[in-house]
Amino acid sequence: PKDVLQREIDQICALGVDLRLGRRCGEDFTVDSLLEDGYSAVFLATGLQRSMDFSLPGDHLDGVLRAVEFLRDVNLSSDGVNGPGSGGPALAGDHADQARPVPAVGEKVVVIGGGDVALDAARSALRLQTAAGLEPDVTVVYRRTRVEMPANASEVEEAREEGLKVEFLVAPLEIIEGEPGRAGTIRLVRCKLGRPDESGRRRPVPLESKEFELPAETVIF
């Protein structure tokens, strides 16, 4: 919640930290310029600021979003839903003038992925639906099992308590158009785990004749 985050920021600043907002590395300053100004060390903690590239038939349709950008919009929205701690910027200080409209999600949301970012996006979507007066309907689809899922176990359980549905051993195949130009359905296939891939995790192998569809007005990668 924003008030908790703001309290923690205030506590850190009270220790003597000089917080300067609205400054971009490479434009307003560089590592070299900071060292020239007398700093003895520079710690870069930029975080994940851009989503991974993906390619799926239908990913050009309206309603298909990327999780990092979606979470940024949620955190910077003027009437933002209090997210579950996605690590996005707080509405404080120089960030206040960046406020933007609250992102809208459809009645049926599918989130593709199994990491903490996917869970944050799913929980934010649930809360946006509730705030819009919709019945919460968000499904996370993940290619492997719960054992391989990298998201924090407690966050998965908390999300399920909020109404999140999770489909394991499922891979996306195609996003199908509903209303003209908009996502309406996602086609998926059930999988089994094969041999380990380069990451050391067992590779998902699609099963024959195990394709199915889910309604998806919003798809978040």
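Of the 221 residues of the protein chain, 34% count as buried, where buried means under 20% relative accessible area, exposed over 50% and partly exposed in between, computed with a 1.4 Å probe on protein chains only. The structure is a predicted model, in which local features need pLDDT of at least 70 and side-chain atom pairs count only at pLDDT 80 or more, while totals for chains, interfaces and linings use all residues. Residues are numbered from 1 along each chain as its sequence is written, and side-chain values use heavy atoms, with hydrogens and water left out.

## Overall arrangement

The protein chain has five helices and eight strands. Helices (H or I, at least four residues) and strands (E, at least two) are DSSP runs, numbered from the N terminus. Along the sequence, these elements follow the pattern α-α-β-α-β-α-β-α-β-β-β-β-β. A contact is defined by heavy atoms within 4.5 Å. Among the contacts in the protein chain with a separation of 6 or more, 62% join residues 24 or more positions apart.

The buried residues are Ala67, Val68, Phe70, Leu71, Val74, Asn75 and Leu76. Their cover includes helix H1 (2-14), strand E1 (64-65), H4 and strand E8 (218-220).

Two packed helices are described by the angle between their axes and the distance between the axes. Axes are lines fitted to C-alpha atoms, for helices over the stretch in contact, and angles run from 0 to 180 degrees between N-to-C directions. The table gives the values for two pairs.

| Helix pair | Angle | Distance between axes |
|---|---|---|
| H3 (residues 67-76) and H4 | about 45° | 10 Å |
| H4 (residues 116-131) and H5 (residues 153-161) | about 20° | 10 Å |

Angles under 35 degrees count as roughly parallel, over 145 as roughly antiparallel, 65 to 115 as roughly perpendicular and the rest as oblique. H3 is therefore oblique to H4, whereas H4 and H5 are roughly parallel to each other. The crossing of H3 and H4 is left-handed, and H4 also passes H5 in a left-handed crossing. A crossing is left-handed if the near helix is turned anticlockwise from the far one by less than a right angle, and right-handed if clockwise.

In the second pair, Asp116, Leu119, Asp120, Arg123 and Leu126 of H4 meet Glu155, Val156, Glu158 and Ala159 of H5. The residues of this contact divide into four nonpolar, no polar and five charged.

Alanine 121 lies in helix H4 and counts as buried at 0% relative accessibility. Residues up to four places away in sequence set aside, alanine 121 touches Ala67, Phe70, Leu71 and Ile220. Its C-alpha is 9.7 Å from that of valine 140, a residue 19 residues apart from alanine 121 in sequence.

Glutamine 129 is also found in helix H4 and is buried, with a relative accessible area of 0%. The side chain of glutamine 129 reaches the backbone nitrogen of aspartate 137 at 2.8 Å. Beyond its neighbours within four places in sequence, the contacts of glutamine 129 include Val105, Gly106, Leu134 and Pro136.

Alanine 159 belongs to helix H5 and is buried, with a relative accessible area of 0%. Alanine 159 and leucine 119 are 40 residues apart in sequence and 7.5 Å apart in space, C-alpha to C-alpha. Neighbours within four places in sequence left aside, alanine 159 is in contact with Leu119, Arg123, Leu126 and Leu164.

## Two residues with positive phi

Most residues other than glycine have a negative phi. Leucine 169, although not a glycine, has a positive phi of about 55°. Leucine 169 is placed in the loop between strand E4 (165-167) and strand E5 (170-177), and counts as partly exposed at 23% relative accessibility. Serine 209 likewise has a positive phi, near 60°. Serine 209 is found in strand E7 (residues 202-215) and counts as exposed at 76% relative accessibility.

Key. Nonpolar A, V, L, I, M, F, W, Y, C, P; charged D, E, K, R; others polar. Polar contact = N/O pair within 3.5 Å; in protein donor to acceptor, adjacent residues only side chain to side chain.
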